[in-house]
Amino acid sequence: MPSSHSPTPPPTATPRTPVRWVLALSSHILRVERYVLTGLMTLLVLLILFNVGTRYSGMPIYWVDEAAVYTVVWLTFVGASVMTRLRMDFAVGLLTDHLGPRSAKAAKVVAMLGVLVFGVAMLVMCWVWMDPVGIARHGFDAKEFAAESFNFLYTERTQTLNWPTWVLQLILPLFSATFTVHALANLLEDLGAAERVQHPGFDVVNADAVN
């Protein structure tokens with residue numbers, strides 16, 4: 001007589017230590033990004049409401065517009081990093097929909113490898129662009145650094161906020177770093193080095209769930 005109990009699934013192999021470190025780092029970054037997204041969205045709403053109120057009262061404050069723009073920029077990059085880890089980024093399935101399981105998995109690995117290469121290239125570009133070694137060599141004197149390297153990143157300021165532009169543009173290297181970590185975590189999961197991690201707090205994990 002067949003047993004009514006379902007067979008016990010085989011135990012899952014424990015990922016190697018470097019794999020666990022990458023997945024844990026990606027999860028920690030994702031949790032921080034969740035709070036950052038909440039804070040940025042709240043700030044954006046407050047800035048817009050404040051801007052509407054001052055304009056309606058006939059006393060517009062022009063720096064609010066620029067602050068809102070930079071808030072949207074940061075919100076976009078942080079959101080793109082989160083979407084990468086949650087696998088909510090755009091994908092074209094014209095080819096993979098007609099492939100077998102093994103070929104589709106290989107195509108997914110190649111695609112994620114391309115995402116990882118893009119993230120590493122972004123990191124290299126930001127390092128060359130911001131040149132932290134060069135600015136440190138000049139004693140963090142922005143004018144001397146610009147005079148020798150013709151890199152005016154550290155001498156420019158925003159139009160109305162009058163903030164150093166390099167502070168606001170730090171989102172680029174930050175995004176490159178978090179994006180690369182998330183891409184590496186996704187690639188390790190696609191290669192079978194670890195099971196897919198469930199991300200508590202992110203109920204929307206695919207585009208269909210948004211509608």
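D190 is buried, its relative accessible area being 7%. In this predicted model, the residue takes part in a salt bridge with R87, in which the closest N and O atoms are 3.2 Å apart. Distant parts of the chain are linked by this pair, since R87 lies in the loop between α2 and α3 whereas D190 belongs to helix α7, 103 residues apart. Salt bridges with shared partners join D190 into one network with R85, R87 and E189.

A further contact of R87 is made with E189, where the two side chains meet in a salt bridge with an N to O distance of 3.1 Å. This pair also links distant parts of the chain: E189 is in helix α7 (residues 171-190) and R87 is in the loop between α2 and α3 (101-130), 102 residues apart. E189 has a relative accessibility of 9% and counts as buried. R87, at 21%, counts as partly exposed, because the buried class is limited to values under 20%.

Another salt bridge is formed by the side chains of D65 and R55, at 2.7 Å from N to O. D65 is located in helix α2 (residues 63-85) and R55 in helix α1 (residues 17-56), so the pair ties together parts that are 10 residues apart in sequence. D65 is partly exposed, with a relative accessibility of 28%. R55 is likewise partly exposed, at 43%.

In total, four salt bridges are counted in the model. Side chains of opposite charge can pair when their charged atoms come close.

Technical notes. Residues are numbered from 1 along each chain as its sequence is written. This is a predicted model: local features need pLDDT of at least 70, side-chain atom pairs count only at pLDDT 80 or more; totals for chains, interfaces and linings use all residues. Side-chain values use heavy atoms; hydrogens and water are left out. Helices (H or I, at least four residues) and strands (E, at least two) are DSSP runs, numbered from the N terminus. Buried means under 20% relative accessible area, exposed over 50%, partly exposed in between (1.4 Å probe, protein chains only).
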